[in-house]
Amino acid sequence: MTLFEKIVARQIPADIVYEDDRTLAFRDIAPQAPVHLLVIPKRPIRSLAAAQDEDTELMGHLLGVCRKVAAEEGLGAGYRVVTNIGEDGGQSVDHLHFHVLGKRRMTWPPG
Ligand code: 5GP
C-alpha cells in the first residue's frame, strides 16, 4: 500500500480539503508555499508516466479538482500545479499526485 493509499484508507491522518469517489485532496505535511495541497487519485497509479490511455478522463478530472480546490483556497492571484515524475523529476511518493501551490510568488525555472 502506498503512503497515500493509507491516507485514503484513513490509516494515516491528513488535513483533507476535498473528496469524491475517485479523488482526494489534502494539505502537504511539509508545505512549500502558504497553500500547498496534494490532489491524488484514490487508485494507486504510480506516476503520470504510468497512467494509461484509459486514465485520460481521470487525469482531466484530477486537474478539475486542482482548479476547484485552488478557487476554494482563494488563489485568484495565481498558483502553480506540478507533478513530479520519477527520480529525475524529484518524485518521492510513488502514487500520482498534483501539487497545488499558492499564496506566494513562484519563480521560474524550478530547481
Ligand atoms: P513528491 O516529492 O513525490 O512530488 O511529493 C510528495 C509530497 O508528499 C511531498 O511534498 C511531501 O511533503 C508530501 N508528504 C510526504 N509524506 C506525507 C504525509 O504523510 N502526509 C502528507 N500530508 N504529505 C506527505
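What we have here is a predicted model, in which local features need pLDDT of at least 70 and side-chain atom pairs count only at pLDDT 80 or more, while totals for chains, interfaces and linings use all residues. Residues are numbered from 1 along each chain as its sequence is written, and side-chain values use heavy atoms, with hydrogens and water left out.

Let me begin with the chain, which has three helices and five strands, both taken as DSSP runs numbered from the N terminus (helices are H or I, at least four residues; strands are E, at least two). From the N terminus on, the order is α-β-β-β-α-β-α-β. Along its principal axes the C-alpha trace spans about 35 × 30 × 25 Å.

Turning to the ligand, there are 16 residues around it, of which D28, N84, S92, H97 and H99 come nearest; a residue counts as near if one of its heavy atoms lies within 4 Å. That shell divides into eight nonpolar, six polar and two charged residues, where Ala, Val, Leu, Ile, Met, Phe, Trp, Tyr, Cys and Pro count as nonpolar, Asp, Glu, Lys and Arg as charged, and the others, Gly among them, as polar. The largest share of the shell, three residues, comes from α1.

As for individual atom pairs, a backbone N or O atom of S92 lies 2.7 Å from an oxygen atom of the ligand, and a backbone N or O atom of V93 lies 3.0 Å from a ligand oxygen atom. From H99, a polar side-chain atom lies 2.8 Å from an oxygen atom of the ligand.

Methods:
Polar contact = N/O pair within 3.5 Å; in protein donor to acceptor, adjacent residues only side chain to side chain.
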